[in-house]
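Let's take a friendly walk through a protein model. Have the picture ready and follow along one step at a time.

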Amino acid sequence: LIIAILAAVELPHPPAPRHPAARRMCASLDARDHVDLARLSHQAGLSARQMRHAFARDVGLPMGAYLRWKRLRRAISAVEEGASLSAAAAAAGFADSAHLSRVFREQFGMTPTQALASVRWRTLD
């Protein structure tokens, strides 16, 4: 189902966020798990509320969901490269493999083991 949906909306590259502060936040969140929202919004001349709104509008996800997706992608990549679930969880910033499995199940409706055995993962970026 996921593959069919991605094929139906396949984009050569996802659209980049329009607001410069949203672009900087994406770059910062891609590099690490935490961004100083107050500092970044101040540099952009926006309030924290305006920054969150610009991010959600341009990216299509609230910052928390974006960060969760990035962490899940890091964990998936680590397991595909041969890491254990515990090592992948630690590398992606989860407390332990149970935490990773719980978040993964909430996001995808299956455990990481089930998904990695039956799904070929493709990302849009």
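Before we start, here is a term we will need: a residue is called buried when its relative accessible area is under 20%, exposed when over 50%, and partly exposed in between. Keep in mind, too, that this is a predicted model.

The structure holds 1 salt bridge. It links D58 with R57, and their closest N and O atoms are 2.8 Å apart. Is D58 buried or exposed? D58 has 12% relative accessibility, so it counts as buried. R57 has 42%, so this residue counts as partly exposed.

Next, find helix 2 (residues 20-31) and helix 5 (residues 63-80). Their axes come within 10 Å and cross at roughly 35°, and the crossing is right-handed. On the helix 2 side, the contact is made by M25, C26, L29 and D30, while helix 5 brings M63, Y66, L67 and K70. Sorted by class, this contact has 6 nonpolar residues, 2 charged ones and no polar ones.

In soluble globular proteins, nonpolar side chains tend to be buried together. Here the largest nonpolar core has 14 residues, and L72, A75, A88, F94, L100 and F104 touch the most other members. Helix 5, helix 6 (85-91) and helix 7 (97-108) each supply at least two residues of this core, with the largest share, 5 residues, coming from helix 5. Look at A75: leaving aside neighbours within four places in sequence, A75 is in contact with A88, A92, F94 and L100. Apart from this core lies another one of 13 residues, among them A22, L29, M63 and Y66.

Technical notes:
Residues numbered from 1 in each chain as written. Predicted model: local features only at pLDDT ≥ 70, side-chain atom pairs only at ≥ 80, totals over all residues. Heavy atoms only, no water. Axes fitted to C-alpha atoms, helices over the stretch in contact; angles between N-to-C directions. Helix = DSSP H or I, 4+ residues; strand = E, 2+ residues; numbered from the N terminus. Left-handed = near helix turned anticlockwise from the far one by under 90°. Contact = heavy atoms within 4.5 Å. Nonpolar A, V, L, I, M, F, W, Y, C, P; charged D, E, K, R; others polar. Core = buried A, V, L, I, M, F, W, Y, C linked by side-chain atoms within 4.5 Å. Buried < 20%, exposed > 50% of the residue type's maximum accessible area, 1.4 Å probe, protein only. Salt bridge = Lys/Arg side-chain N within 4 Å of Asp/Glu carboxyl O.
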